[in-house]
Amino acid sequence: GDTSSSTLREEELKGFEKVLKDTFDLNDAEVAVLMGQNMTCLEDLRHFSVAELTGFGLPLPCARRLHATLPQAPPEDTPTAYPDLISNIANSLAKVSKQNAELAAEVQRLNTVIESMEAAHENDRQQWLSDLENLKAQVRAKCPDILD
């Protein structure tokens, strides 16, 4: 059945051409432009902006007419939504990396605080040990036999 599928496809394309000519008032050259983009149905056309249609080689009035008449695809389907999506992702990444930098700075600050606390604690410990040694020395001086 390979021949039947190709004729069916030809029928679809002829139908599409007819719609373009009758409904959208396109001439043969304009229809050829769209066919050259491998478009086979109105569904294909919905996804393109006026700028993209003129980019394919359609005259601007024709592209505007087509675009205005076609039911528009939901924004998430249109290639034109991708730049927004990309910039949103870029912004989110920038925010995340800014937050990461802030977190890293905060961690660094806390580490510094902890280190200084540890240093202070070590100083206190040394002080306490030397105080203890002094106390022991004083006790020894007064009562030599108590600590032994």
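Helices (H or I, at least four residues) and strands (E, at least two) are DSSP runs, numbered from the N terminus.

View 1. From the N terminus on, its elements run α-α-α-α-α-α. Because the model is predicted, local features need pLDDT of at least 70 and side-chain atom pairs count only at pLDDT 80 or more, while totals for chains, interfaces and linings use all residues. Residues are numbered from 1 along each chain as its sequence is written, and side-chain values use heavy atoms, with hydrogens and water left out. Of the 148 residues of the chain, 15% count as buried, where buried means under 20% relative accessible area, exposed over 50%, and partly exposed in between (1.4 Å probe, protein chains only).

View 2. Leaving aside residues up to four places away in sequence, Leu-45 touches Phe-16, Leu-20, Leu-34, Met-39, Leu-53, Leu-66 and Leu-70, a contact being heavy atoms within 4.5 Å.

**View 3. One aromatic pair is found in a search of the whole structure.** The ring centres of Phe-48 and Phe-56 lie 4.9 Å apart and their planes stand at 80°, so the pair is edge-to-face. Rings of Phe, Tyr and Trp (its six-membered ring) pair if their centres lie within 6.5 Å, and planes under 30 degrees apart count as stacked, over 60 as edge-to-face and the rest as tilted. Phe-56 counts as partly exposed, because its relative accessibility is 24%.

**View 4. Asp-28 and Lys-21 meet through their side chains in a salt bridge (2.7 Å, N to O).** A salt bridge is a side-chain nitrogen of Lys or Arg within 4 Å of a carboxyl oxygen of Asp or Glu, and six are found in the whole structure. Asp-28 is exposed at 54% relative accessibility, whereas Lys-21 is partly exposed at 31%.

**View 5. Lys-98 and Glu-102 form a salt bridge, with their closest N and O atoms 3.0 Å apart.** Both residues lie in helix H6, four residues apart, which is about one turn of the helix. Lys-98 counts as exposed at 53% relative accessibility, and Glu-102 as partly exposed at 44%.
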